[in-house]
Amino acid sequence: MRRKASLVLLAFAVFFTALAPLLRWYAFPRLAKIPAGQYQDMVLEAKPATLIDYGTMKAKRVPKVTIVQTLKGNVAESDRIEQTAGRDVVVWDALSYVAGPDGKMVSEIPERYIFDAHSQEPVHATGEMVDGDRVRREGIEYKWPFLTEPRDYTYFDAQTRTSAPIHYKGTRTFRGLEVYYFEQTIPWTKVRLPKKMPVKGITPESVEKMGTTRWYSTKRMFWVEPVTGAPVNGQEIHKEELRGGDLLPGGGKVTAFAGHVKMRDDYVDSTVALVTSQRTLVLLLTGYLPWGFLVVGAALLALGLHLEARSRRPGAGVPDDETPRPDPRPTPA
Amino acid sequence: MRALTAAAVGLAAALALVLTVTAAGPPSGRTSPKPLLTTVPEHP
């Protein structure tokens, strides 16, 4: 009986021990992915901010400018692209909507961001765009990969339509979470005017015809929870200028928008809560379960060996699979 | 020999479980009916 039990324990010991590395290095990279149908919104505010008054073509101080960012997973498009890409793909239709203090539109820039659901690598497919312009992203945008490393990454800047390094600047603690802090500075760069302008009758083409150009510079900061790769806080010191042309003769320039943009507090709270729950799930697959299975496997193996050793000890009883045959009955001669 | 068989059974069971779970994978879900926002939401 003991020998049977020790064999069963050995089978379970191997089962749990094998499960540990399989879970960490085979299952985790395949199971951890961004859901194709994810929907997320985010509100950022610059309080106060500087905004252009198109009536006077002068910059004015306003109490608040709000940026509403929405990311919406397009499942039908991801299914379509997956057929040719041969891997799990996420398609995010995004909108950055900037509202002035009166709630009216200052600018709105739509984007389509296509990336690998597991690794966050960009996937290049028809429809990838920023404000209607075809782009070819390199690096990441909005989110870091699972198990983010403390190193520089390449981050896509939607305004310039280019990618540049975003530098790892150290590990910090943010609302009780250990996070990696990243920083990217985009120097003054000439960028395109948004397709949708806030004043009726003014189009990007009409502004360009007058020779006026739009310039942009930013310093963006992210606090990224490294297990999930999700930013739990983000800020941007954002500056935009219109320069020269008939609108600003004599090589003049005017601030179109400037402000220190920060995530609204209630959104920081909800993001931290969401990331904390997701972090536990990722840690289950990468740490808690593999280590737990290893311990269980080792314990079962030890128990099996112990039972086996006891069954072999002299006087420990005869194992059931080695039951001796009964002595033959004496037969009369 | 029986110990080897028991170990093989354990290993096969672990492989079968992991392969089944990863083959099924998480569901992809469906596109949210919520719109891309052009107003400032009151709360998350």
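Me: Where does UniProt place the "transmembrane region" in chain A?
Reply: The unreviewed UniProt entry puts that feature at residues 281–303 of chain A. UniProt positions follow the numbering used here, feature names are shortened, and annotations may be inferred rather than shown by experiment. This is a predicted model, where local features need pLDDT of at least 70, side-chain atom pairs count only at pLDDT 80 or more, and totals for chains, interfaces and linings use all residues. Residues are numbered from 1 along each chain as its sequence is written, while chains are lettered from A and ligands numbered from 1 in the order in which they are written.

Me: How much of residues 281–303 of chain A is helix, and how much is strand?
Reply: Helices (H or I, at least four residues) and strands (E, at least two) are DSSP runs, numbered from the N terminus. Over residues 281–303 of chain A you get 100% helix and 0% strand, with 31 Å between the end C-alpha atoms.

Me: What span does helix α4 of chain A reach?
Reply: The expected span of a helix is 1.5 Å times one less than its number of residues. Helix α4 (residues 265–312) of chain A has 48 residues and reaches 68 Å from first C-alpha to last, close to the expected 70 Å.

Me: Where does α4(A) bend?
Reply: A bend at a residue is the angle between axes fitted to the seven residues ending there and the seven starting there. For α4(A), look at A:Leu284, where the bend is about 60 degrees.

Me: Which residues of α4(A) are buried?
Reply: Count the other C-beta atoms (placed from the backbone) within 10 Å of a residue's own: 20 or more is buried, 12 or fewer is exposed, and in between is partly exposed. In α4(A) the buried ones include A:Tyr267, A:Pro290, A:Phe293 and A:Leu307. Over in chain B, 7% of the 44 residues count as buried. Chain B has 1 helix and 0 strands, and its C-alpha trace spans about 70 × 20 × 10 Å along its principal axes.

Me: How many residues of chain A are in contact with chain B?
Reply: Two residues are in contact if their C-beta atoms, placed from the backbone, lie within 7 Å. Here, 39 residues of chain A are in contact with 27 of chain B. On the chain A side, α1(A) gives the most, with 15 residues. That side divides into 25 nonpolar, 7 polar and 7 charged residues. Ala, Val, Leu, Ile, Met, Phe, Trp, Tyr, Cys and Pro count as nonpolar, Asp, Glu, Lys and Arg as charged, and the others, Gly among them, as polar.

Me: In which sense do β4 and β5 of chain A pair?
Reply: Two strands pair if DSSP finds at least two bridges between them. Strands β4 (residues 89–99) and β5 (residues 105–116) of chain A pair in the antiparallel sense over 11 bridges. A:Tyr97 sits opposite A:Glu108 in β5(A). Their hairpin has 5 residues between the strands, and there A:Gly103 takes a positive phi near 85 degrees.

Me: What is phi of A:Met57?
Reply: Phi of A:Met57 is near 55 degrees, a positive value in a residue other than glycine. You'll find A:Met57 in the loop between β1 and β2 of chain A, and A:Met57 counts as partly exposed because it has 13 C-beta neighbours inside 10 Å.
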